[in-house]
Amino acid sequence: MKKIAIISDTHGYIDDNAINHIKKCDELWHAGDIGNIKILDYLEKIISVKAVFGNIDGQKIRINCPENLFFNCEGINILMTHIGGRPGKYNQRVKNLIRLKKPDLFICGHSHILIIKKDIQFNLLHMNPGALGKEGFHKFRTMILLEIDNKKINNLNVVEFGKR
(Lines give C-alpha, C1' and ligand atoms only; values in the text may rest on other atoms or scores of the structure.)
Protein backbone atom coordinates (compact mmCIF):
# COMPACT_ATOMS: atom_id res chain seq x y z
CA MET A 1 0.00 0.00 0.00
CA LYS A 2 1.14 3.52 -0.81
CA LYS A 3 -0.18 6.82 0.45
CA ILE A 4 -0.13 9.44 -2.29
CA ALA A 5 -0.49 13.23 -2.32
CA ILE A 6 -1.46 14.75 -5.67
CA ILE A 7 -0.93 18.46 -6.28
CA SER A 8 -0.69 20.88 -9.17
CA ASP A 9 -0.23 24.54 -9.97
CA THR A 10 1.87 25.56 -6.99
CA HIS A 11 3.25 28.47 -9.03
CA GLY A 12 6.24 28.77 -6.71
CA TYR A 13 4.23 28.62 -3.47
CA ILE A 14 3.73 25.86 -0.94
CA ASP A 15 2.96 26.33 2.74
CA ASP A 16 3.61 24.36 5.93
CA ASN A 17 0.01 23.17 6.16
CA ALA A 18 0.30 21.43 2.78
CA ILE A 19 3.76 20.10 3.68
CA ASN A 20 2.34 18.54 6.86
CA HIS A 21 -0.11 16.50 4.74
CA ILE A 22 2.56 15.62 2.18
CA LYS A 23 4.99 14.35 4.84
CA LYS A 24 2.42 11.72 5.89
CA CYS A 25 2.53 10.18 2.41
CA ASP A 26 4.90 7.81 0.62
CA GLU A 27 4.91 9.71 -2.68
CA LEU A 28 3.99 13.11 -4.08
CA TRP A 29 2.73 13.50 -7.64
CA HIS A 30 2.90 17.05 -9.02
CA ALA A 31 0.91 17.71 -12.20
CA GLY A 32 2.90 20.75 -13.34
CA ASP A 33 3.24 24.51 -13.03
CA ILE A 34 5.69 23.99 -10.19
CA GLY A 35 6.83 27.56 -10.71
CA ASN A 36 10.26 27.49 -9.10
CA ILE A 37 13.02 24.87 -9.04
CA LYS A 38 13.48 25.57 -5.31
CA ILE A 39 10.00 24.12 -4.66
CA LEU A 40 10.92 20.92 -6.49
CA ASP A 41 14.29 20.69 -4.71
CA TYR A 42 12.63 21.20 -1.31
CA LEU A 43 9.94 18.59 -1.97
CA GLU A 44 12.50 16.04 -3.18
CA LYS A 45 14.34 16.35 0.15
CA ILE A 46 11.25 15.28 2.12
CA ILE A 47 9.43 12.80 -0.15
CA SER A 48 9.70 10.75 -3.33
CA VAL A 49 8.40 13.04 -6.11
CA LYS A 50 7.00 12.30 -9.54
CA ALA A 51 6.42 15.52 -11.48
CA VAL A 52 5.72 16.85 -14.96
CA PHE A 53 6.47 20.35 -16.17
CA GLY A 54 3.72 22.86 -16.80
CA ASN A 55 3.36 25.74 -19.22
CA ILE A 56 4.83 28.32 -16.79
CA ASP A 57 7.83 26.18 -15.84
CA GLY A 58 11.25 27.31 -17.00
CA GLN A 59 14.21 25.40 -18.35
CA LYS A 60 15.53 24.25 -14.95
CA ILE A 61 12.27 22.45 -14.21
CA ARG A 62 11.86 21.14 -17.76
CA ILE A 63 15.31 19.55 -17.57
CA ASN A 64 14.25 17.67 -14.42
CA CYS A 65 10.63 16.86 -15.29
CA PRO A 66 9.14 15.42 -18.48
CA GLU A 67 5.99 16.66 -20.21
CA ASN A 68 4.28 13.29 -19.69
CA LEU A 69 4.81 10.54 -17.15
CA PHE A 70 3.47 7.01 -17.45
CA PHE A 71 4.09 4.75 -14.47
CA ASN A 72 2.56 1.99 -12.38
CA CYS A 73 1.72 2.21 -8.71
CA GLU A 74 0.46 -0.85 -6.87
CA GLY A 75 -0.99 -2.33 -10.08
CA ILE A 76 -2.63 0.87 -11.37
CA ASN A 77 -1.30 2.41 -14.60
CA ILE A 78 -1.07 6.19 -14.32
CA LEU A 79 -0.63 8.83 -17.00
CA MET A 80 0.18 12.35 -15.81
CA THR A 81 0.60 15.55 -17.84
CA HIS A 82 -0.07 19.21 -17.15
CA ILE A 83 -2.48 20.38 -19.86
CA GLY A 84 -5.01 17.62 -20.35
CA GLY A 85 -8.54 18.92 -20.43
CA ARG A 86 -11.34 16.90 -18.89
CA PRO A 87 -13.53 13.95 -19.84
CA GLY A 88 -15.21 14.70 -23.16
CA LYS A 89 -12.90 17.69 -23.70
CA TYR A 90 -9.37 16.25 -23.98
CA ASN A 91 -7.05 17.83 -26.52
CA GLN A 92 -5.85 15.63 -29.39
CA ARG A 93 -2.39 15.10 -27.88
CA VAL A 94 -3.93 13.74 -24.69
CA LYS A 95 -6.47 11.59 -26.54
CA ASN A 96 -3.58 10.00 -28.45
CA LEU A 97 -1.62 9.39 -25.24
CA ILE A 98 -4.64 7.83 -23.53
CA ARG A 99 -5.30 5.56 -26.51
CA LEU A 100 -1.62 4.54 -26.63
CA LYS A 101 -0.98 4.07 -22.90
CA LYS A 102 -4.46 2.97 -21.75
CA PRO A 103 -4.10 4.32 -18.19
CA ASP A 104 -6.39 3.38 -15.33
CA LEU A 105 -5.84 6.83 -13.83
CA PHE A 106 -5.25 10.08 -15.74
CA ILE A 107 -3.94 13.08 -13.80
CA CYS A 108 -3.58 16.62 -15.10
CA GLY A 109 -3.55 20.17 -13.81
CA HIS A 110 -3.59 23.56 -15.54
CA SER A 111 -7.28 24.48 -15.18
CA HIS A 112 -7.08 25.16 -11.41
CA ILE A 113 -10.42 23.31 -11.23
CA LEU A 114 -10.66 20.30 -8.93
CA ILE A 115 -12.15 17.32 -10.78
CA ILE A 116 -12.43 13.66 -9.85
CA LYS A 117 -14.56 11.87 -12.40
CA LYS A 118 -14.93 8.49 -14.06
CA ASP A 119 -14.35 8.77 -17.80
CA ILE A 120 -16.56 6.11 -19.34
CA GLN A 121 -15.34 6.71 -22.90
CA PHE A 122 -11.72 5.83 -22.04
CA ASN A 123 -12.48 3.61 -19.02
CA LEU A 124 -10.29 5.56 -16.61
CA LEU A 125 -10.50 7.73 -13.53
CA HIS A 126 -9.74 11.37 -14.27
CA MET A 127 -8.21 13.57 -11.55
CA ASN A 128 -7.23 17.21 -11.47
CA PRO A 129 -6.21 18.24 -7.95
CA GLY A 130 -7.02 21.90 -8.56
CA ALA A 131 -4.38 24.46 -7.60
CA LEU A 132 -2.28 24.51 -4.44
CA GLY A 133 -0.61 27.85 -5.15
CA LYS A 134 -1.91 31.38 -4.77
CA GLU A 135 -1.73 32.45 -8.44
CA GLY A 136 -4.81 32.09 -10.65
CA PHE A 137 -8.55 32.49 -10.54
CA HIS A 138 -9.38 29.61 -8.19
CA LYS A 139 -11.01 30.55 -4.89
CA PHE A 140 -9.67 27.73 -2.73
CA ARG A 141 -6.33 25.91 -2.70
CA THR A 142 -6.73 22.12 -2.90
CA MET A 143 -4.90 18.81 -3.08
CA ILE A 144 -5.90 15.14 -3.30
CA LEU A 145 -4.82 12.42 -0.87
CA LEU A 146 -5.40 8.73 -1.53
CA GLU A 147 -4.10 5.25 -0.89
CA ILE A 148 -3.40 2.68 -3.57
CA ASP A 149 -3.35 -0.95 -2.57
CA ASN A 150 -3.47 -4.01 -4.80
CA LYS A 151 -5.03 -2.26 -7.83
CA LYS A 152 -7.54 -0.34 -5.67
CA ILE A 153 -7.82 3.33 -4.77
CA ASN A 154 -8.93 3.77 -1.18
CA ASN A 155 -9.42 6.64 1.27
CA LEU A 156 -9.70 9.26 -1.46
CA ASN A 157 -9.88 12.71 0.14
CA VAL A 158 -9.80 16.28 -1.04
CA VAL A 159 -7.97 18.67 1.28
CA GLU A 160 -9.02 22.29 1.07
CA PHE A 161 -6.64 24.93 2.41
CA GLY A 162 -8.89 27.95 2.40
CA LYS A 163 -8.94 30.98 0.16
CA ARG A 164 -5.89 31.70 -1.92
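1. How many residues lie between E7 and E8 in the hairpin that they form? This is a predicted model, and in it four residues separate the two strands of that hairpin, with Asn123 in the turn showing a positive phi of about 50°. Strand E7 covers 114-119 and strand E8 covers residues 124-129, and they pair in the antiparallel sense over six bridges, with Ile115 standing opposite Asn128 in E8.

2. Strand E8 also pairs with strand E6 (residues 105-107), here in the parallel sense and through three bridges, and Phe106 stands opposite His126 of E8. Six of the six residues of E8 are buried, so this strand is largely enclosed by the rest of the structure. Leu124, His126 and Asn128 point one way from the strand, while Leu125, Met127 and Pro129 point the other way, and all are buried.

3. A separate point concerns the open sheet of five strands, whose order is E3-E2-E1-E9-E10 and whose pairing is mixed. Its edge strands, each pairing on one side only, are E3 (48-51) and E10 (152-163), and neighbouring strands of the sheet are turned by 20° against each other on average, direction ignored. Within this sheet, E1 (residues 2-7) and E9 (residues 140-149) pair in the antiparallel sense over five bridges, and Ala5 stands opposite Leu145 in E9.

4. The largest nonpolar core has 24 residues, and those with the most contacts inside it are Ile14, Ile22, Leu28, Leu43 and Met143. The elements that give two or more residues to this core are the strands E1, E3, E9 and E10 together with helix H1 (16-22) and helix H2 (37-46); H2 gives the most, with four residues.

5. The structure holds four salt bridges. One of them joins Lys2 to Glu27, with the closest N and O atoms 2.8 Å apart; because Lys2 lies in strand E1 and Glu27 in strand E2 (residues 27-30), the pair ties together parts that are 25 residues apart in sequence. Lys2 counts as partly exposed at 28% relative accessibility, whereas Glu27 counts as buried at 7%.

6. Asp15, in the loop between E1 and H1, deserves a separate comment. Its side chain meets that of Arg141 in a salt bridge (2.7 Å, N to O), and this pair links distant parts of the chain, Arg141 being in strand E9 and 126 residues away. Both partners are buried, Asp15 with a relative accessible area of 14% and Arg141 with one of 5%. The C-alpha atoms of Asp15 and Gly133 are separated by 8.8 Å, although these residues are 118 residues apart along the chain.

7. Arg93 and Glu67 also meet through their side chains in a salt bridge, at 3.7 Å from N to O. Arg93 lies in helix H4 (residues 92-101) and Glu67 in the loop between helix H3 (59-64) and strand E4 (68-73), so parts that are 26 residues apart in sequence are tied together. Arg93 counts as partly exposed at 29% relative accessibility, and Glu67 likewise counts as partly exposed, at 36%. Finally, salt bridges that share partners join Lys2, Glu27 and Lys50 into one network.

How values were computed:
Residues are numbered from 1 along each chain as its sequence is written. This is a predicted model: local features need pLDDT of at least 70, side-chain atom pairs count only at pLDDT 80 or more; totals for chains, interfaces and linings use all residues. Side-chain values use heavy atoms; hydrogens and water are left out. Two strands pair if DSSP finds at least two bridges between them. Axes are lines fitted to C-alpha atoms, for helices over the stretch in contact, and angles run from 0 to 180 degrees between N-to-C directions. A nonpolar core is a set of buried Ala, Val, Leu, Ile, Met, Phe, Trp, Tyr and Cys residues joined through side-chain atoms within 4.5 Å. Buried means under 20% relative accessible area, exposed over 50%, partly exposed in between (1.4 Å probe, protein chains only).
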